[in-house]
Amino acid sequence: MYQLRGQRVAATPESTIRANAFGFCSFLNFKPKKSRKKRYDQSLEQLSLYGITLNVVADDEWTSVTFGSISGHYDPLTRTISVPEKIYIDACAGVRDALFIMMHEIGHLILGHQASLHYSKTPPTFAEDAEWQADKFAEYALYYLGYEEEKQLAFDFY
C-alpha cells in the first residue's frame with residue numbers, strides 16, 4: 001500500500017501536472033536558463049499581481065519557528081507561500097535546489113491543494129498525494145527552465 005507524504009487530494013494524471021507546470025512557467029514569463037546569470041526575481045515578484053503573497057522569512061526566525069524541519073510552506077487559505085530568505089535569494093539566482101522548493105510550493109497553489117477531511121475505503125495512490133503532485137510540478141517546471149533532471153544514485157546489492 002502507498003504511504004502518503006501529504007494530504008490526500010484528487011488524483012491528477014502526470015500529463016495534467018506537466019501541462020500545468022509548463023503553462024505556469026509560460027504565463028509568468030519564466031524563461032529557460034541559457035546562462036549562469038539568469039535571474040528569476042521578476043518572475044517570482046509577479047505572483048503578487050495575482051493575489052499570491054510571497055512571504056520571505058529571515059533565516060534565523062524560520063529555523064526557530066520550524067525547527068529546520070521544512071524548507072517552505074503554502075497556505076491555501078491566504079494564498080501565501082512562505083520560504084526562508086536563503087531559499088528565496090538562491091531561487092532568484094537560479095540555484096536548482098532552491099528553485100525546486102519554490103516551484104514545489106507554487107505547485108500546491110496551481111494544483112489547488114486544500115486541507116480537508118477525507119474518508120475513503122480504498123487505499124491511497126501516489127497520484128492522490130499532494131506532495132507527490134507538487135514534486136512532479138516542480139520537476140516539470142525545472143525541465144521547462146532547462147535544468148537537468150536530478151538523477152538519484154542507485155546501488156545494486158547482491
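Student: Why is E14 called partly exposed?

Tutor: In this predicted model, E14 has a relative accessible area of 31%. Buried means under 20% and exposed over 50%, so a value in between counts as partly exposed.

Student: What makes E14 and K136 a salt bridge?

Tutor: The closest N and O atoms of E14 and K136 are 3.8 Å apart. The cut-off is 4 Å, so the pair qualifies.

Student: Is K136 buried or exposed, and how do you know?

Tutor: K136 has 18% relative accessibility and therefore counts as buried, because the limit is under 20%.

Student: What does the salt bridge between R8 and E128 tie together?

Tutor: R8 and E128 have their closest N and O atoms 3.0 Å apart. R8 lies in the segment before α1 and E128 in the loop between α5 and α6, so parts 120 residues apart in sequence are tied together. Both residues are buried.

Student: How far apart in helix α4 are D90 and K86?

Tutor: D90 and K86 are four residues apart in helix α4, which means a separation of about one helical turn. They form a salt bridge, with the closest N and O atoms 2.7 Å apart. D90 counts as buried at 19% relative accessibility, whereas K86 is partly exposed at 49%.

Student: Why is the aromatic pair of F22 and Y140 called edge-to-face?

Tutor: The ring centres of F22 and Y140 are 6.3 Å apart, with 85 degrees between the planes. F22 is in helix α1 and Y140 in helix α6, 118 residues apart.

Student: What makes the pair of F22 and Y143 stacked?

Tutor: The planes of F22 and Y143 are at 15 degrees and the centres 6.3 Å apart, so the pair is stacked; the limit for stacking is under 30 degrees. F22, Y140, Y143 and Y144 form one aromatic cluster.

Student: How do you know that R18 lies over the face of Y140?

Tutor: R18 is at 5.7 Å from the ring centre of Y140. The distance limit is 6 Å, and the charge must also be within 35 degrees of the ring normal. R18 is listed as lying over the face of Y140.

Student: Why does L49 count as exposed?

Tutor: L49 has a relative accessible area of 64%, and exposed means over 50%. With F27 and Y50, L49 makes a nonpolar surface patch of about 370 Å².

Notes. Residues are numbered from 1 along each chain as its sequence is written. This is a predicted model: local features need pLDDT of at least 70, side-chain atom pairs count only at pLDDT 80 or more; totals for chains, interfaces and linings use all residues. Side-chain values use heavy atoms; hydrogens and water are left out. Rings of Phe, Tyr and Trp (its six-membered ring) pair if their centres lie within 6.5 Å; planes under 30 degrees apart count as stacked, over 60 as edge-to-face and the rest as tilted. Helices (H or I, at least four residues) and strands (E, at least two) are DSSP runs, numbered from the N terminus. Patches are made of residues with over 30% relative accessible area and no salt bridge: like charges are joined within 9 Å, nonpolar side chains (Val, Leu, Ile, Met, Phe, Trp, Tyr) within 5 Å. Accessible areas come from the Shrake-Rupley method with a 1.4 Å probe; for residues, only the protein chains shown count as cover. A salt bridge is a side-chain nitrogen of Lys or Arg within 4 Å of a carboxyl oxygen of Asp or Glu. Buried means under 20% relative accessible area, exposed over 50%, partly exposed in between (1.4 Å probe, protein chains only).
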